[in-house]
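Here is a short briefing to read alongside the model. Have the sequence and the 3D view open, and let's walk through it together.

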Amino acid sequence: MGKCYLAWAKDPEIRQKGGSGGFVTATLLAALKEGLVERVLIVRRIDEFEGVPLLTDDPEEVKSCSSAHLAAPLNLSSYIPPGERVAVTVKPCDARAIIERSKRRQIDLEDIYMVGLNCGGTFMPVRTMEAVSDLFGLDPGDVLGFEVSKGKFLVEARSGTYTLPMVELERMGYGRRDPCRYCNINIPVMADLACGDAGVPPGMRATFVEILTDKGDELFEAGIKTSMIEFEEAGEEEIETRVRTDRRMSEDADMWWDELSSMIDEVDHLSYYINELGRCIHCGSCKIVCPVCACKDDAKCLDMGREGYRISLYNLIRLFHLMDSCIGCGQCEDVCPADIPLTMIHQRFERRMEKELGYRPGFEMSKPPLQEPEPGGKV
Amino acid sequence: MAIERWEPKILAFCCNWCSYAGADVAGVERRQMPPSFRIIRVMCSGSVDPCWVLEAFLEGADGVLITGCHPGECHYLNTNYHTARRYRLLRIFIEELGLEPDRLRLEWISATEGIKFAEVIRDMTEKIRALGPSRLGPER
Amino acid sequence: MEFIQSVCPGCCINCGLYIVRSGEEIKVDYRKRSPVNEGKLCKFGVDLSRYYAKERPEPTVDGKEVDLETAIGEAAERLKMASSAETGFLCMGNSTNEEILAFKRLAESFGIENIDCTLSKHIISTPEDLKPTLSVGVPFKSIEEADRIILISINPSLQYPLLLRRVIRAEKKGAEVVMLNPAESESLELEGAVVISEITQKTDPMLIKMILEAGKDARSICFMKPHANLTGAMLLGFYGVDISEKVKLGEIRSLFLLDPVPGDMDDLLSDLDLLIVQAGMKTRVSEVADITIPSPRFFEREGTVVNIEGRVLPVGGTSRAGVESLLKIMGGEMDFEDVRRGVWEVLGVDGANEDLIAITQGRR
């Protein structure tokens, strides 16, 4: 475990406005000011249910984007400009995507500062708007904000505060995206910093920060040097709370995985895959949004055979290619016009590979297993 | 009326430098082999793209055999070690997909091992006969 | 990296998406916030950047490049000289509500009654009380909640994948889904069903008649349409005569086309006395026009469309040039705001709102 601190923005306005004491905003501003990076890549809030990537060097724009956006399920790795030093706020799936893309020479990791955000999952915007109107009778336009806190879904609206346990919400088919439910990586340990709520004493406006790399040190130092941040060392109790929270969330995720993926084991695998993938209309969206696909527009897989095949070659090739690379970010499933549970399917294959080879994509820079020889040629 | 009996179809990718010659030796020595297999000669087992294997199944192969040079004897440094890795992942892959993993087989067979080649073909044919037709092939 | 909220011009669903601009480069990105499609797109939407990259027309008069004002002035002159009985205005439903209404006002100012959105022949042969059923369809949510869905002469997996997904969701919830080919079935039993079919220029009018008659006790009827804003064009009353028929018969000698797409009438166009085209994209049609008036690309336009669900959706751009060219030909008494107010008035809405099903069939 890296060095752990409780830290916050020195500027009282940023500390008040930003989520968890504005540490992330302050750190991004410091990185710009110190010239560590040319620009920062963050999520611009359009409203509670819509956010878009923003690449900027304007401190005012950075300030206006403070606090995480739960209903903007983006993977920012796809928006990193080539050949530029940038700091980017990353969920674990963004960070893992960046690492996988850097293995494929899509991104130079040297240029990237990853400010990690602990993540309990993101929400699909339209489904979440339906949740607030179906369950609380609210006009989504009247929603001022929503968050997940201590297992509860909290909606702040003009007419008051509304709440429901997450378990109930998700049992009713609302709540987080499926891939987030079964994602068991909550702390972006592969980023340079990991920032989150867990471990922060109640009532304190601060972020629990773990420094994970030398670049993380640089970022933290920049905050101190520019007097943008203030901090204290995290105590044992706080560290323990964070570990416990992380463990509980991972267990929760594994439970979701068992439940959702058991549907495949209950039926005949081949029939399941033929049936689900049979709805594919070959629009190519899953490939376009896939952060680990390096071919993108040059890919030939989309035009490969499908007539008369029970599963198209496109689908099989993607499944096989992602077997050692899928990071489970959920982008493919989000955009699939045929509602194929693609991330679940890719993860089924990836997790088998993980179990067999002990390799997890997106954690460190070792080559994907498919690019490596089998030691000794053992069969 | 004659009932058409199903016979397994096996596609074999054979390395030019070893097992393709091995298959030839098996023939020259008149080793008994069922007529269940078709050979595609490749310059190295490592040049077999996993997608070809998948395509073979989609096209109606009931089994796919990849044969290459023994470890340490690759004509091109260590490419057969890559074959071994791909094979390992392909086995997991087709198992999750719902095909019996034994439909895919990798064997190291040298240019002189005609006997081994014939044995592998006989054994694989029997195993696949027991498994029945692949369900990934085109609708019959 | 500028994210423009836009809608897809590919069909009447009008999927939400982002046009991402960085300099001259244009990309499409997925807008998961859109209530229409939740970010999902079909192949057309995915390839939209290629569609928008097509060459754009220059203002021309008789094949010579001129400035825009000259082309507009010439259009006004020649329209004045043409006989209104032999002049037709054809809008193919690829334009905004504002452009279509301006186009209609322009036709009226010249006393031209030959207006058409390619579907006039179907609309005029339909009884008045059933006309609304032809234009706006049904909210996709209500398709998902249907017990019985009947698809007649339509294959959504090819033409409307983003509709298909709603049908499949209904099916998963237990709905019965039937695909019908009326040529093979003797009578249509549509009681209580959500009926989905398609209406295009080529649709057999008998089919529409059959569906409307048998569909009197259907829960709702939804006629999908191949172009982006045919729904809006119909609601704004842009219909009257079957122009393609009249062109074939030689009864129309002058034609003004708004955002045309190549079609089966193309060969006849070069025989006309006058052909004016206003378009955001170069096509075979704009090539043979006597006068070409360029307009912005679809996503650059300020204005709205009505999608098949009855949502009034902003197109997302800021350019009023398309509407303004039409108003200038008319003589400039109206401005963009007048047209916009006119659109709200005809549609009976307060403004664009993607989250609201503003226009319904007003039945059942």
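Leaving aside neighbours within four places in sequence, C:Ser325 is in contact (heavy atoms within 4.5 Å) with C:Leu68, C:Ile72, C:Gln278 and C:Ile293. This is a predicted model, in which local features need pLDDT of at least 70, side-chain atom pairs count only at pLDDT 80 or more, and totals for chains, interfaces and linings use all residues. Residues are numbered from 1 along each chain as its sequence is written, chains are lettered from A and ligands numbered from 1 in the order in which they are written, and side-chain values use heavy atoms, without hydrogens and water.

**Around C:Ser325**
- C:Ser325 sits in helix H15 of chain C; helices (H or I, at least four residues) and strands (E, at least two) are DSSP runs, numbered from the N terminus.
- C:Ser325 counts as buried because its relative accessibility is 3%, where buried means under 20% relative accessible area (1.4 Å probe, protein chains only).

**Helix H3 of chain C**
- The buried residues of H3(C) include C:Ile72, C:Ala75 and C:Leu79.
- Among the elements covering them are strand E13 (274-279), strand E14 (291-294) and helix H15 (321-330) of chain C.

**Nonpolar cores**
- A nonpolar core is a set of buried Ala, Val, Leu, Ile, Met, Phe, Trp, Tyr and Cys residues joined through side-chain atoms within 4.5 Å.
- In the largest one, of 62 residues, C:Phe89, C:Phe238, C:Phe256 and C:Ile329 touch the most other members.
- Helix H4 (residues 97-109) of chain C gives this core its largest share, six residues.
- Beyond its neighbours within four places in sequence, C:Phe256 contacts residues including C:Leu79, C:Phe89 and C:Ile329.

Methods. Buried means under 20% relative accessible area, exposed over 50%, partly exposed in between (1.4 Å probe, protein chains only).
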